[in-house]
Amino acid sequence: MAKYIAVAGKGGVGKTTFTALLLRQMVHQKRGISVLAVDADPNANLGEALGLTVTATISELLEQTKDPKAIPEGMPKQIFIEYKLQQSLVETKDIDLLVMGGPQGAGCYCYPNDLLRKYIENIGDNYDFVVVDSEAGLEHISRRTIPRIDEMFVVSDSSARGIRSAGRVHELIRGLKSAVSNLHLIVTKTSEGTMESLSEEIERTGLSVIGDIPLDPLVVEYDLAGKPLFDLPEDAVSVKAVESILNRAGIFN
Ligand SMILES: Nc1ncnc2c1ncn2[C@@H]1O[C@H](COP(=O)(O)OP(=O)(O)OP(=O)(O)O)[C@@H](O)[C@H]1O
Ligand SMILES: [Mg+2]
């Protein structure tokens with residue numbers, strides 16, 4: 001059974017950066033593991049961070065199935081939707097990627113959503129790990145498109161406001177029906193003294209810190225140059241920080 005890992009937090013705190021570096025570290029540390037990365041953020045850019053080209057999101061492909069004329073003659077709609085879902089998977093040697101995309105048109109489009117849930121549950125179990133870059137509202141987790149979470153990383157930037165909002169994400173998670181087994185707080189873009197100055201705010205969230213990721217000039221440089229974070233060198237401070245977070249979380253145990 002796959003281990004489900006989710007990364008959550010408010011906009012712009014560093015979720016995608018952490019997710020990309022986590023994936024990088026996972027495939028470097030354990031050769032041969034299979035990982036499904038899921039970009040559940042409507043403003044999807046995990047593909048870019050991983051250096052993968054995404055041609056269509058699940059939302060776009062499902063949108064196409066709304067038009068009865070698009071369905072090949074004689075093909076049951078369910079088969080057509082499943083075929084479309086399979087088209088959305090970007091496959092590479094170590095990591096496959098699914099991009100959810102933005103919300104579909106007005107109203108509930110529950111039928112594909114149920115199929116999407118089943119699809120993710122089915123393919124999820126073909127992998128050792130499913131790693132989800134979540135959106136701030138945890139939509140896919142609360143709607144159970146993502147079946148369960150074994151390990152959740154709540155990300156905050158180095159501001160007091162960011163930590164308070166991580167506290168609210170924690171509240172949200174506690175209110176979810178689906179169980180989250182292990183919860184960790186990560187503070188990103190830290191510099192000297194950040195953790196000490198935020199310690200009271202952190203305590204109030206009720207979350208325990210598994211580590212911080214320092215502000216890394218190389219992350220800024222790669223971001224500006226549009227280079228995949230997946231290609232950051234071994235000795236980059238952010239890469240080292242994610243390595244120790246991964247070890248502390250005991251993800252491979
Ligand atoms: N450790 C770091 N050092 C330097 N810059 C960082 C670091 N982590 C993130 N950033 C920068 O902060 C910005 C936001 O990061 P990122 O895209 O990872 O956040 P996010 O939470 O995924 O945002 P969104 O909610 O928009 O998806 C980016 O410009 C990124 O390069
Ligand atoms: Mg992001």
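I'm working with a predicted model, where local features need pLDDT of at least 70, side-chain atom pairs count only at pLDDT 80 or more, and totals for chains, interfaces and linings use all residues. Residues are numbered from 1 along each chain as its sequence is written, chains are lettered from A and ligands numbered from 1 in the order in which they are written, and side-chain values use heavy atoms, with hydrogens and water left out.

**Ring pairs.** I searched the whole structure and got 2 aromatic pairs (ring centres of Phe, Tyr or Trp, the last by its six-membered ring, within 6.5 Å; planes under 30 degrees apart are stacked, over 60 edge-to-face, the rest tilted). Phe18 and Phe153 pair edge-to-face, at 5.2 Å centre to centre and 65° between the planes. Phe18 is in helix H1 (residues 15-29) and Phe153 in strand E6 (residues 149-156), 135 residues apart (helices, H or I, of at least four residues and strands, E, of at least two are DSSP runs, numbered from the N terminus).

Buried or exposed? I checked Phe18 and Phe153. Phe18 is buried, and so is Phe153 (under 20% relative accessible area; exposed is over 50%, partly exposed in between, with a 1.4 Å probe and protein chains only).

**Lysine over a ring.** Lys227 has its charged end over the ring of Tyr222, 4.4 Å from the ring centre (NZ of Lys or CZ of Arg within 6 Å of the centre and within 35 degrees of the ring normal).

Phe129 counts as buried at 7% relative accessibility, while Phe252 is partly exposed at 24%.
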